[in-house]
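The sequence and coordinates come next.

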Number of protein chains: 2
Amino acid sequence: MSRTNKIESAEESAVRDLEPLFCPSSIAVVGASRRAGTAGNEIMRNLIFGEYAGVIYPVNPKAKSILGMRCVPNISAIDECVDLAVIIVPAPAVEKAIVECADRGTRHFVVISAGFKEIGGEGIKREKRLQAVAAERGLSILGPNCLGIINTDPAMSMNAAFGGDIPQAGCMGLISQSGALAAALLDYAHGRGIGFSRFVSFGNKADINEIDLLRSLAADNKTKVILMYVEDLSSGQQFVETAFAITRGADPKPILAIKTGRTQEGAAAAASHTGSLTGSDEVYDAIFSQAGVLRIESVEELFDLAEVFAEPSLSSGRRTAIITNAGGPGIMATDACIRNGLQLSKFQEYTLKSLRFQMPPTGSLKNPVDVIGDAKHDRYRAALDAVTADEGVDQVMILVTPQAMTDVKEIAGVVCETKGFCEKPIVACLMGDVDVAPGVRVLKEHGIPAYQFPENAMRAMSAKCRFAEWVRSPISDYRQFEVDRKAVDKIFADESVAGRNQLVEIRALQVVNHYGFPIVPYKLAESVDEAVEAASEIGYPVVMKISGPTLLHKTDIGGVRLNLTDESSVRTAFDEMIHSVREKMDDKVEIWGVVVQKMLPPGKEIIIGMSRNERFGPLLMFGLGGIYTEALRDVSFRLAPIRNNVADEMIKDIRSYRLLGGVRGEPASDVKAIAECLLRLSQLVTDHPQIKELDINPLIVYPQGRGAVIADARIILSETE
Amino acid sequence: MSRTNKIESAEESAVRDLEPLFCPSSIAVVGASRRAGTAGNEIMRNLIFGEYAGVIYPVNPKAKSILGMRCVPNISAIDECVDLAVIIVPAPAVEKAIVECADRGTRHFVVISAGFKEIGGEGIKREKRLQAVAAERGLSILGPNCLGIINTDPAMSMNAAFGGDIPQAGCMGLISQSGALAAALLDYAHGRGIGFSRFVSFGNKADINEIDLLRSLAADNKTKVILMYVEDLSSGQQFVETAFAITRGADPKPILAIKTGRTQEGAAAAASHTGSLTGSDEVYDAIFSQAGVLRIESVEELFDLAEVFAEPSLSSGRRTAIITNAGGPGIMATDACIRNGLQLSKFQEYTLKSLRFQMPPTGSLKNPVDVIGDAKHDRYRAALDAVTADEGVDQVMILVTPQAMTDVKEIAGVVCETKGFCEKPIVACLMGDVDVAPGVRVLKEHGIPAYQFPENAMRAMSAKCRFAEWVRSPISDYRQFEVDRKAVDKIFADESVAGRNQLVEIRALQVVNHYGFPIVPYKLAESVDEAVEAASEIGYPVVMKISGPTLLHKTDIGGVRLNLTDESSVRTAFDEMIHSVREKMDDKVEIWGVVVQKMLPPGKEIIIGMSRNERFGPLLMFGLGGIYTEALRDVSFRLAPIRNNVADEMIKDIRSYRLLGGVRGEPASDVKAIAECLLRLSQLVTDHPQIKELDINPLIVYPQGRGAVIADARIILSETE
């Protein structure tokens, strides 16, 4: 039961307690400096002026004091065991500094210093030694090559970072692999008035990685929304499990992630066979999707979404009402609503009645509600009261353009009041900049998401809707089929003994057969008579394929015959095939015989497969056959093992999904049968880590209720050393 | 020669001189008001405090003075002929006010008053009377239901609009159909420090429409970039020709357009036949593409692009260099570069050498150049000098994250200096908000486009690149084929006399044959013997189809036989078909005979067609056959007549274009033959406006050099009244 194994292994990697990192009662700043502009000085300034609640020990053998605070020459001179050491000494001295602190009992470290993995050569060795020290002594090390750590909790008020202003307190927990970007993010947030609970720049993640930090942010009750910027992930399934637990737990927290490097691999992946379709960025898409993490494309989108997620109400659906004081912007909002996958609410009769009574005759009562350019806050209030009370409205967008009569600030006030008793999400879009600024301020003070542009507002609202749906959807199980795992182990062991990496077709078919996949009926016939007997048993028409341990490219050597309809053609085919293969290969080539298979009736051709990603494990693939997979690259990926519902998602994810629904009078395909194959595949490749690649191509799918059948399978095992 | 007709007709609609509208030496404000907050007061304030250079005449029978300016009771009391009258009286009084002014010689009007078409009923009649007055008396009327007009030229300094602050002078010409949005746009621009040359809110466009205004902005030498917000266009081909002349003229000006209502029609267009695929939004895409107008999706994008277009340098290619002081943001910029269709420059050896000499050892010399977090302006200067001198660099993006040592303002200064002598476009992305603000200010003062986010910067740079390519590309001609136009006129006349709208296949084939389309060889056989003779002449195998004036759905009535290989099967088929048709239809149904066609060898099936859009004229369609057109809706559109190169564009526009390039070992298809068919189609439907719909389905295309052949055509004519 591999799934259980997986979860155990995740639990094994002991969930470490990083609280002392965020809430130390004392901090040694090793490498504190008097020189302005240096990290060693900036961190001292930030700790002191940020009014850190604990004790600060600046460590500097050359300075007597820094910012009025008396220095100690070295760590041994401190008369207590400090909880956290921030290390800012040159790279070659970092290890020694850590060891000295550890000798005195310190267990948590933030290494700001650069000059490690990122510079290559000696730096890589240095970083490995850091890892070794952490492991040997049971230390937690953040960094190296990072900006530091911030905890805005008033009880702690710790800003042990440099390169940015002290952020205001708030509900965002941010972790960033890039230090420079982290600094920029703080500045953006400052401009937009977004506050943070905790902020971590984790740099090279020699020891503490994004998974440790996610767990720690999940446990922090000041953090309501988790933002992350990553350039890579340290693991696949473990990330999926950790993030899934956070986004689907008892108190679900959204995780918004920027992962860069989207295009690089995509461009490189030129060839079109299954293996090379798995450009690593597609792995990340799969991982984020399975983990319930919202993948964000830009910093602007990150903050747009952060703002809407900071407001805790979750909508119960996609039905959206728009209230506007101008027609054109109303159309823009409608466009944005639909394009972001939301729906326009259709108002109930009582809502229309109420609006008719309160709106001017030239206003539009239908959604979007147009309160007309001369609307003041009272008319907005009437419209807002009416639509929020409508049972067909899940969420509301208020759109305001600054016109001659518009009292922006008062309208913002009305929105805040309404939000006070309304559980439905409300976002505001105040179109403009300078004129609408007073309204924006009022909204932000009350935690109402406010945007400049309707597109950004709708995009954010849509993301939150999708998160609400994710949170609401039932947690799907990992389906376990009755399979003959041992028989497959035996086949792999045999192949391994025989020194073969690629299984011949008949062996591959046996493997999938043991895992309950629907396969086409076949028999291995060693003689002409056996072939005739097999054919009549299976039923005509049949297909015949040569079989032998070294016979892989059967078509090229004349080893495949299709659509044989009677005994005499089977007899002729058998002899001709044997003859052709001996001629094309070698007279002494080992031939096991001829596989006689039922000739399958035509159906839709599907490809499913797996290639094992070195870092992330088994990556499942699904696509339609032929040009759809090869030329149009229309495939979907997920990391195995997959939950039940994920198989369905994989199928729906491809762009040409509707072709399975039945077009041009064709019946709909049996997608349930495909989903079951994906789940069986997930179990097979999770049970047997030695499978390196597996392709089922084609899986022939028939109309609904009539199943799917594997016509061919290819399995490649890892090289055993 | 319809093209010539078209152009003449465009010229006929006399290019009107709107300069007096923008540069009046005197203005009467009819309906000027003392009451604050009213349009009649705001416009007076804006004219006066905007320091309008001409004479203002407030017209108000009840007030003695407004803002210290003496009122006249009515227009007759003015002792000169005013150039422009701004009308702000209630809707029912507007016509009378205009007539009075016109009687006194005024020719140009801005009607601010609402209460016309937009309110329906009486308003529509009122607006029609306005149009009639304008036509009868040769007046130019802007509006009604608009915000007004602004000309920031210091020689005029006219702000005859209400609902926004007076914008700063600049090079943007803005026209907006929505008044409310126009006000918001002014406010956004104010916040971003973007200046306008001219600003027009044109409201209901009873008289002056967007085409008149485009021409007028094109002629204004203060306007360098044209921004437009429209909810619909008044015409198709005329817009294409006007905008084409502006974007491709001697002094090309970019036009950036927001057209809302994208999703509405799209959702409505559910059915899958050619006609209903032409949702009107796709018409707009076609029109903008042919006109060289950049279609913009959001207000934010509009201003992002406006900023980059305000700087006049045009790049000579897509090769882009990125200079950054941080790795992570560098990756984001790279992603954005590739995703926006730009390329990363590969540096020349001399550039790398220069960088190697001047950058720190840990910096990255490859593109993106990483000058490292501690870089100050001198290092940026060195990098900028090196990459701008590289012949493989067409444009540069400077990326700055605010780090401890970063001197943002000085770095901005370096960019400005470099831009002083460098002709390549340079855009800056200063990541952050508050910390980077001083740098942004410096850049804006020097006209360097500056962005907060790399995605926005790259999107803008990419749009400008595409415009540069548009401007550089040779102007393609309208190809005219030798055709037998009269023969087609005759066929249509005959069909019209016979009272038929839908041409039977044989007639449709004759039409396309007269226009030189490649059609499959066929004969109409009236007897069995003639059919046999025809078949042997054409060559077996053949296809046979019943033919008669009312026989349209031939397959349903047993009127089609495929792949007939010899005389006896032709004989049997003929008799059976006649029998079946008489049985299924009526014994007396008129049968002309049987069409005998060559059975075409298999090739790629293509659909080309036209449906005539009521407002915009003939819309050409291209798509692959089968599921690609019907289920995947993968089609492209253009308005006829099309230039030579547009046929190629249409073909390349579909998502599955690569299937024509030859995939899975297939040869590439003869796209030249398809393009020629599109051009012939363009000529056919332009020559014959009575064609309402035309489908060529399938057009069977063979490998390169082997042409394409029409197997079937369907033509529907307009109902003649």
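## Confidence

pLDDT is the predictor's confidence in each residue, on a scale from 0 to 100. The model described here is predicted. Over residues 264-279 of chain A, pLDDT stays under 50. For that stretch the model has 27 contacts beyond four places in sequence, two residues being in contact if their C-beta atoms, placed from the backbone, lie within 7 Å. Where pLDDT is low, the predicted coordinates should not be read in detail.

Chain A as a whole averages a pLDDT of 89, and 94% of its residues score at least 70. Residues 1-12 of chain A have pLDDT below 50, with 12 contacts in the model beyond near neighbours in sequence. For the complex, the predictor gives an ipTM of 0.82 and a pTM of 0.86.

## A four-stranded sheet in chain B

Chain B contains an open sheet of 4 strands with antiparallel pairing, in the order β21-β24-β22-β23. Its edge strands are β21 (522-525) and β23 (560-564) of chain B, each of which pairs on one side only. On average, neighbouring strands of the sheet are turned by 20° against each other, direction ignored.

Strand β22 (residues 542-547) and strand β24 (residues 593-598) of chain B run antiparallel and are joined by 6 bridges. Within β24(B), V594(B) is the bridge partner of I546(B).

## Helices against the sheet

Helix α21 (residues 528-538) of chain B packs on this sheet and touches β21, β22 and β24 of chain B. The direction of α21 makes about 15° with that of β24(B). Helix α22 (residues 567-584) of chain B lies across β22, β23 and β24 of chain B, and runs at about 25° to β22(B).

## Helix α18 of chain B

Is helix α18(B) enclosed or open, and why? Of its 19 residues, 14 are buried, so α18(B) is largely enclosed by the rest of the structure. The helix covers residues 454-472 of chain B. From its first C-alpha to its last it reaches 27 Å, close to the 27 Å expected at 1.5 Å a residue.

## Contact between chains A and B

The contact takes 61 residues from chain A and 61 residues from chain B. On the side of chain A that touches chain B, the helices that each supply at least two residues include α3 (39-49), α9 (262-268) and α12 (299-310) of chain A. Helix α6(A) gives the most to this side, with 9 residues.

By residue class, the side of chain A that touches chain B divides into 28 nonpolar, 19 polar and 14 charged residues.

Terms used. Residues are numbered from 1 along each chain as its sequence is written. Chains are lettered from A and ligands numbered from 1 in the order in which they are written. This is a predicted model: local features need pLDDT of at least 70, side-chain atom pairs count only at pLDDT 80 or more; totals for chains, interfaces and linings use all residues. Two strands pair if DSSP finds at least two bridges between them. Axes are lines fitted to C-alpha atoms, for helices over the stretch in contact, and angles run from 0 to 180 degrees between N-to-C directions. Ala, Val, Leu, Ile, Met, Phe, Trp, Tyr, Cys and Pro count as nonpolar, Asp, Glu, Lys and Arg as charged, and the others, Gly among them, as polar. The expected span of a helix is 1.5 Å times one less than its number of residues. A residue is buried if 20 or more other C-beta atoms lie within 10 Å of its own, exposed if 12 or fewer, and partly exposed in between; C-beta atoms are placed from the backbone.
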